Amino acid sequence: MNSSIVLGIIWHLIGAASAACFYAPFKQVKHWSWETMWSLGGFFSWIILPWAVSYVLLPDFWAYYGSFSFATLLPVFLFGAMWGIGNINYGLTMRYLGMSMGIGIAIGITLIIGTLMTPVLQGKIGILFGTLGGQLTLLGVFVAVIGVAIVSYAGFLKEKALGIKAEEFNLRKGLILAVMCGIFSAGMSFAMSAAVPMHEAARALGIDPLYVALPSYVVIMGGGAVVNLGFCFIRLATRKTLSLRADMSVAKSLLLTNAVFSIIGGVMWYLQFFFYAWGHASIPAEYDYMSWMLHMSFYVLCGGIVGLVLKEWLGVGKKPVRVLCIGALVIILAANIVGLGMAL
């Protein structure tokens with residue numbers, strides 16, 4: 001396995017670690033509605049940071065985006081909006097199924113769809129099934145799904161031991177939302193594929209290969225922002241139990257603290273895709289669709305590790321922790337199989 005692939009896998013791991021930790025600052029926000037907190041963090045994650053980073057990278061910000069046709073930008077934006085719908089459904093899935101079952105189904109589906117549908121859209125299906133490297137990466141996806149399932153089962157055992165239940169458990173509604181989340185969340189993988197002309201244009205401007213995907217985030221995350229912010233603003237305007245004015249009326253010290261934690265959470269959410277871009281750039285072009293599999297499986301892996309570090313597994317007994325460790329090892333094995341397949 002060459003050093004570039006190893007480095008790409010490491011960048012994906014770092015990005016996934018940021019994703020696994022991003023909600024911790026949001027938990028420190030007090031006396032604000034989820035919609036207000038999510039909107040502020042998302043505004044920095046989906047708008048401020050992508051625009052600021054792109055403005056620094058590009059020699060002429062407006063000329064770069066103006067050089068693309070509407071036909072080029074529209075699919076990138078729409079796939080970003082698709083990813084945004086997946087984000088909303090993710091939260092609702094946790095509400096109706098609980099964390100373990102919700103993550104297992106949603107992440108498993110988006111891992112499979114985002115990884116396998118991308119080469120179909122790119123016309124690379126022959127590489128996936130017709131070469132030894134492609135077959136190994138396909139095996140890696142299968143092993144990763146098993147790893148996600150094992151970690152999710154560990155989460156189920158943990159919730160059972162601690163007596164944790166979904167807020168409003170509803171199997172039928174939860175399964176529908178989990179499937180929708182899995183499908184729509186794969187929009188990020190599709191958006192990155194559709195944005196290849198933007199990446200190539202950035203490379204032609206002399207931008208470092210590690211950063212060529214970052215300018216496309218202005219369009220991709222713009223699509224996600226429209227969906228997420230629209231959802232939050234509509235709820236704030238129409239739900240009698242929600243009030244932006246009430247959220248802004250808390251003590252000034254708490255207002256500042258809430259704003260800081262929300263922004264930190266948004267920054268950490270953006271950083272997952274900042275490092276995703278680095279990992280994506282280090283993966284061989286013919287296997288770039290594997291970036292999504294690495295990101296999502298590492299997301300589950302890092303989520304379990306973060307839970308152990310934060311002592312969320314204390315008092316659950318040995319079996320759940322043992323199952324978690326087995327699942328983590330399976331995911332690590334999957335990453336190595338994928339890396340070997342890309343190296344051939």
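Colleague: Which helix gives the most to the lining of the second largest pocket?

Modeller: Please keep in mind that this is a predicted model. Helix 11 gives the most to that lining, with 4 residues. The pocket has a volume of about 290 Å³. Its lining comprises 16 residues, and the closest to the centre are His199, Arg203, His280, Ala285 and Asp288. Helix 11 (196-204) and helix 14 are the elements that give two or more residues to this lining.

Colleague: Why is His280 called buried?

Modeller: Its relative accessibility is 13%. Buried means under 20%, and therefore His280, at 13%, counts as buried. His280 has its place in helix 14 (residues 252-282).

Colleague: Which residues does His280 touch, not counting residues up to four places away in sequence?

Modeller: His280 touches His12, Met192, Asp288 and Ser291.

Colleague: What makes the pair Arg235 and Glu35 a salt bridge?

Modeller: In general, side chains of opposite charge can pair when their charged atoms come close. The definition asks for a side-chain nitrogen of Lys or Arg within 4 Å of a carboxyl oxygen of Asp or Glu. A search of the whole structure finds 1 salt bridge.

Colleague: Is Glu35 buried or exposed, and how do you know?

Modeller: Glu35 has a relative accessible area of 5%. Because buried means under 20%, Glu35 is buried.

Colleague: Why is Phe70 called exposed, whereas Phe156 is called partly exposed?

Modeller: Exposed means over 50%, and partly exposed lies between that value and 20%. Phe70, in helix 5, has a relative accessible area of 64%, so Phe70 is exposed. Phe156, in helix 8 (residues 132-162), has 39%, and therefore Phe156 is partly exposed.

Colleague: Which residues make the nonpolar surface patch?

Modeller: Phe70, Leu74, Phe77, Leu78 and Val226 make this patch of about 480 Å². Helix 5 (residues 70-97) gives the most to the patch, with 4 residues.

Technical notes:
Residues are numbered from 1 along each chain as its sequence is written. This is a predicted model: local features need pLDDT of at least 70, side-chain atom pairs count only at pLDDT 80 or more; totals for chains, interfaces and linings use all residues. Side-chain values use heavy atoms; hydrogens and water are left out. Patches are made of residues with over 30% relative accessible area and no salt bridge: like charges are joined within 9 Å, nonpolar side chains (Val, Leu, Ile, Met, Phe, Trp, Tyr) within 5 Å. Accessible areas come from the Shrake-Rupley method with a 1.4 Å probe; for residues, only the protein chains shown count as cover. Buried means under 20% relative accessible area, exposed over 50%, partly exposed in between (1.4 Å probe, protein chains only). Contact means heavy atoms within 4.5 Å. On a 1 Å grid over the protein atoms alone, a cavity is a set of points where a 1.4 Å probe fits but cannot get out, and a pocket is an open set with protein on both sides within 12 Å along at least five of seven lines; lining residues have an atom within 4 Å of a point. Grid points are joined across faces, edges and corners, and a volume is the space filled by probe spheres set on the points.
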